[in-house]
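Subject: Structure handover

Hello,

Here is the structure for you to look through. My notes on it follow below.

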Number of protein chains: 2
Amino acid sequence: MKIFGIDPGSERTGYGCIDTDGSRHRLVACGALKAPAHTSFSDRLLVIHAGLSSLLAQHRPDCVAIENVFHARNVRSALKLGHARGVALLAASQAGVAVVEYAPAEIKRAVVGFGRAEKQQIGQMVKLLLGLEAVPSPHDAADALAVAVCHVHSSFGAVADAVHQTRAPSRLTSWRHYRP
Amino acid sequence: MKIFGIDPGSERTGYGCIDTDGSRHRLVACGALKAPAHTSFSDRLLVIHAGLSSLLAQHRPDCVAIENVFHARNVRSALKLGHARGVALLAASQAGVAVVEYAPAEIKRAVVGFGRAEKQQIGQMVKLLLGLEAVPSPHDAADALAVAVCHVHSSFGAVADAVHQTRAPSRLTSWRHYRP
């Protein structure tokens, strides 16, 4: 089963794709999408959308895992993050891939073991779990891989069923609805 | 000159297209995009994006005018609005149409005459300015038309030049950058 994690951001959007049988995971690809400096905000959204659409077409994952956001530093950063996350969800829906969402604490708990883990610990665990030689860089890529790993660790069996069920219609919809 | 106003929202996205010579405006089309009840959040984004993309292809406006948002009731509603606004900006960028953004108070000032006008007053002025028989409904459509009218009223001359200049490259970029 191939899982594609996304860590959306208007400055940089991380992605990480893993192949897994439920217990052993293999890194397929990871990285971050970043628009050149001085790119307008609309064009940053274009870069995120086009980049993710092309990666989803290339890797054809069974499922997209993305962090669910409930909090932000302030309204402005929530708005910016919302824009980036909106085009990321759109790219997944257009590609017909099921979308699963996890709260930040769920991801940390599933990957590191406790919900208040720090960025560095997440990177180290991602490195260990995927048998990598170094922590994936930039940290957005490691965070995206963490969401993908979280999806396997927390609900592999249940999710595999859910994805199988939602795959019945020609285009998949999100089976865990966005609930901000 | 054809101007396409957008009033984005995750529940309902209003749009309004007008044709203008700078002083006289004519309604081309207006309405609101709304996904059926119980549609998942990702699919709502699909409806907004597909609807706007098709309308922009149909009407081929010279410019898209959209409200710039700096405030929201809370972080959650900012996140939701951000998602909808993100896919709206993406549709405009993908269509190669210049995007102009106005603060809510600018729109009210340009349409009604003062920055604290109420929804009803905006609807009435839109009806008057476009010579309509009734206030456009739903109010999201009237709000979208107000942004379009604001663009004409506040900077028709300057904008006509700017759009002309930015039309030189094959694909237009936003000349008034998003600044949340």
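Start with strand E1 (residues 2-7) of chain B. Five of its six residues are buried, so E1(B) is largely enclosed by the rest of the structure. Buried means under 20% relative accessible area, exposed over 50%, and partly exposed in between (1.4 Å probe, protein chains only). Helices (H or I, at least four residues) and strands (E, at least two) are DSSP runs, numbered from the N terminus.

A word on conventions. This is a predicted model: local features need pLDDT of at least 70, side-chain atom pairs count only at pLDDT 80 or more, and totals for chains, interfaces and linings use all residues. Residues are numbered from 1 along each chain as its sequence is written, chains are lettered from A and ligands numbered from 1 in the order in which they are written, and side-chain values use heavy atoms, with hydrogens and water left out.

Back to E1(B). Which strands does E1(B) pair with? Strand E2 (residues 12-20) of chain B runs antiparallel to E1(B), joined by six bridges. Two strands pair if DSSP finds at least two bridges between them. Gly5(B) sits opposite Gly16(B) in E2(B). The two strands form a hairpin, with four residues between them. Strand E4 (residues 63-67) of chain B pairs with E1(B) in the parallel sense, over four bridges. There, Cys63(B) is the bridge partner of Ile3(B).

Now some backbone points. Most residues other than glycine have a negative phi, and most peptide bonds are trans. His38(B) is not a glycine, yet has a positive phi of about 65 degrees. His38(B) lies in the loop between strand E3 (25-34) and helix H1 (41-59) of chain B. With a relative accessible area of 77%, His38(B) is exposed. Arg60(B), also not a glycine, has a positive phi of about 45 degrees. Its loop runs between H1 and E4 of chain B. Arg60(B) is exposed at 69%. The peptide bond from Ser137(B) to Pro138(B) is cis, with omega near -5 degrees. A cis bond also joins Ser137(A) and Pro138(A), with omega about -5 degrees.

On to chain A. Chain A has five helices and five strands. From the N terminus on, they run β-β-β-α-β-α-β-α-α-α. Of the 180 residues, 56% are buried.

Helix H2 (residues 75-94) of chain A has 20 residues. H2(A) reaches 28 Å from first C-alpha to last, close to the 28 Å expected at 1.5 Å a residue. That expected span is 1.5 Å times one less than the number of residues. Of the 20 residues, 17 are buried. Just after H2(A), Gly96(A) takes a positive phi of about 75 degrees.

Cys17(A) is in none; the nearest cysteine sulfur, that of Cys30(A), is 10 Å away. Cys17(A) is buried at 0% relative accessible area. Cys30(A) is partly exposed at 28%.

Last, confidence. The model scores ipTM 0.82 and pTM 0.83. Chain A averages a pLDDT of 85, and 86% of the residues score at least 70. pLDDT is the predictor's confidence in each residue, from 0 to 100. Over residues 157-180 of chain A, pLDDT stays under 50. Where pLDDT is low, the predicted coordinates should not be read in detail.

Best wishes

Notes. Contact means heavy atoms within 4.5 Å. A disulfide is a pair of cysteine sulfur atoms within 2.5 Å.
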